[in-house]
Amino acid sequence: MFLTLWSTLFLTLHFFFSPLNLAGVQEEEARQEKEKSQLHHEIVVTATRMETPLREVGNSLKVISGAELREKGLTTLTEALTQFPQGFLLQNGGQGAAASFMLRGANSEHTLVLVDGVEVNDPISPSRSFDFSSLLLFDIDRVEILEGPQSPLYGSDAMAGVVNIVTRRSDSPRFSLFTQAGSLSTYQVGLAVAGKLKKISYNLNGVRLSTRGISAASSFYPGNREADGCANTGLSGGLHLNLAAGQELGLTFRLTKATADLDNFGGPYGDDPNYSQESQSASFKLDYRFFHPGRLWEQKFALALSDNRRENYNRPDDLHPFESEEGHFRSRLLRFDWQNNLFLRPANTLTFGLEASQEEGESSYTWISSWGEDRSFFPRKKARSLGLYLQDHFQAHNFSFTTAGVRVDYHTNGGTSVTYRLAESIWIEKTATKLRASAGTGFKAPSLYQLFAPGTFWGPVGNPELKPEKCFSWDVGWEQSFLRGKFSVLTTYFSSRFENLIQFDFARGYLNLGQAETSGFRLET
């Protein structure tokens, strides 16, 4: 079984104007648009799993709107992630090639990625990481990057932080169609529809991006002439039904299909005109939320499913007549989440809940060369986990905001893990100053491949005795706004220690061998 909880804030400001006073209308629109932008960035959902003013968040958290990214001419999430100083983006080639994002010097698999509350880390990837290359910006409302261990709320994988991607939702009637075109035979076309029929609100977004691209193998060397093109088609949307006061039933989905040309390497004759990858992903989430009488107790139930398929093909060609490879990869993640929010008093909210999940994956790979033939078959394997979490978010004297949480997780192969988090935010209204600090622990359960990968001629690979990776991290920061929010300065210092890191040994397979420490200072304006 799979469990996921998701909570998201969609803020919409409606305004009406009269044509008799156009100058006044323009001023009012500008004022409201500015207010909307400020509110949009002030309310976040990732840090506490519920709508929370940013000033109350003690962790380092960066929020950027999709509209702001699109205004810069960006089309893909990989381009957008280069705008975030919190992490480092690594892409193996041009547009469409595999891309990973690393927070605070940690590995990419130590970051949990959510799209509309659905976990999208791929269970069949060797380390259970996420490939950002197939996500487009067309339907994205905002991106929230929360730093530091978040396992007390989100469980495994959230050792370095969480990237939460929220797509657009609107109850107001909306229809938009756009096209873009550029060099390298690049074009993008998109369609968005939203509205409300009585108690049902709906939204639908579709996009198609295609480009001839450039070669990942340098044209400076002989044999590298083919451009590496890619194409990406995405469809997302949702239905939300207001059953009664304080009750809502929702269904969201996201479908993606992408193809990309790949190269073998960057040196001479590294280009390969027959090397390509095709990927498909689908995610669905059904959620129900309601308030008990008196609105002091809110319950949320969510059932989420993500399914991934990837095919790699590399057939013989004139430059590589004796080389070919073919790979097939399948994975599925099912998660159920039951979250409770108790509003004990206006300044104190207690959150607790249960998460249960099941992941499964399988793969096959064939490689042929002049040296012979090699085959690798990974039969379908499963792993289950169960987590119980508790968090208290409270404030004192309207300037001190504290978040404390603890979680217990059980993994069928990784055993039991206990994590905690403590975060403090001090907000000085008069000077628009925020002081924050946080400390916590995180864990990452072994991936299916690390646990069960079959051995080779050279020795074992998978190891069912692996222990979870663990970390402890703390950070402090100062944020200062000037000129009524027109200019701001943010500083962060962090330190992290990782233990039981899973590494591959050619003689013994995967083992808990690694330890690492990272620290850094960041200044933003």
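Buried means under 20% relative accessible area. Keep that cut-off in hand for the first stop in this predicted model.

**Stop 1**

Select Arg142. Its relative accessible area is 2%, so Arg142 is buried.

**Stop 2: the largest nonpolar core**

Next, select Ile165. Leaving aside residues up to four places away in sequence, Ile165 touches Leu77, Val113, Leu114, Val115, Asp116, Leu135, Ile140 and Arg142.

Widen the view. The largest nonpolar core holds 29 residues. Leu77, Leu81, Phe101, Phe132, Val143, Ile145 and Ile165 have the most contacts inside it. Colour by element: α3 (77-81), β6 (99-103), β7 (111-115), β9 (140-147), β10 (161-167) and β25 (487-505) each supply at least two residues of this core. Another core, of eleven residues, lies apart from it; Phe378, Ala383, Val461 and Ile502 are among its members.

**Stop 3**

The whole structure contains 31 salt bridges. Pick Glu355 and Arg335. Their side chains meet in a salt bridge at 3.4 Å, N to O. Glu355 is in strand β19 (residues 348-369) and Arg335 in strand β18 (residues 324-345), 20 residues apart. Both Glu355 and Arg335 are buried.

Now select Arg380 and Glu362. This salt bridge spans 2.5 Å, N to O. Arg380 lies in strand β20 (residues 372-396) and Glu362 in strand β19, so the pair ties together parts 18 residues apart in sequence. Arg380 is partly exposed at 48% relative accessibility. Glu362 is partly exposed too, with a relative accessible area of 24%.

**Stop 3: aromatic rings**

There are twelve aromatic pairs in the whole structure. Phe130 and Phe132 pair edge-to-face, 4.8 Å centre to centre, with 80° between the planes. Phe130 and Phe132 are both buried.

Move to Tyr449 and Tyr510. Their ring centres are 6.2 Å apart and their planes at 80°, so this pair is edge-to-face. Tyr449 is in helix α5 (residues 448-452) and Tyr510 in strand β26 (residues 509-524), 61 residues apart. Tyr449 counts as partly exposed at 26% relative accessibility, whereas Tyr510 counts as buried at 12%.

**Stop 4: charges over rings**

Finish with two arginines. The charged end of Arg295 sits over the ring of Phe291, 4.0 Å from its centre. Arg310 lies over the face of Phe329, 4.3 Å from the ring centre.

Notes:
Residues numbered from 1 in each chain as written. Predicted model: local features only at pLDDT ≥ 70, side-chain atom pairs only at ≥ 80, totals over all residues. Heavy atoms only, no water. Core = buried A, V, L, I, M, F, W, Y, C linked by side-chain atoms within 4.5 Å. Buried < 20%, exposed > 50% of the residue type's maximum accessible area, 1.4 Å probe, protein only. Helix = DSSP H or I, 4+ residues; strand = E, 2+ residues; numbered from the N terminus. Contact = heavy atoms within 4.5 Å. Salt bridge = Lys/Arg side-chain N within 4 Å of Asp/Glu carboxyl O. Phe/Tyr/Trp six-rings, centres within 6.5 Å; stacked < 30°, edge-to-face > 60°. Lys NZ or Arg CZ within 6 Å of the ring centre and 35° of its normal.
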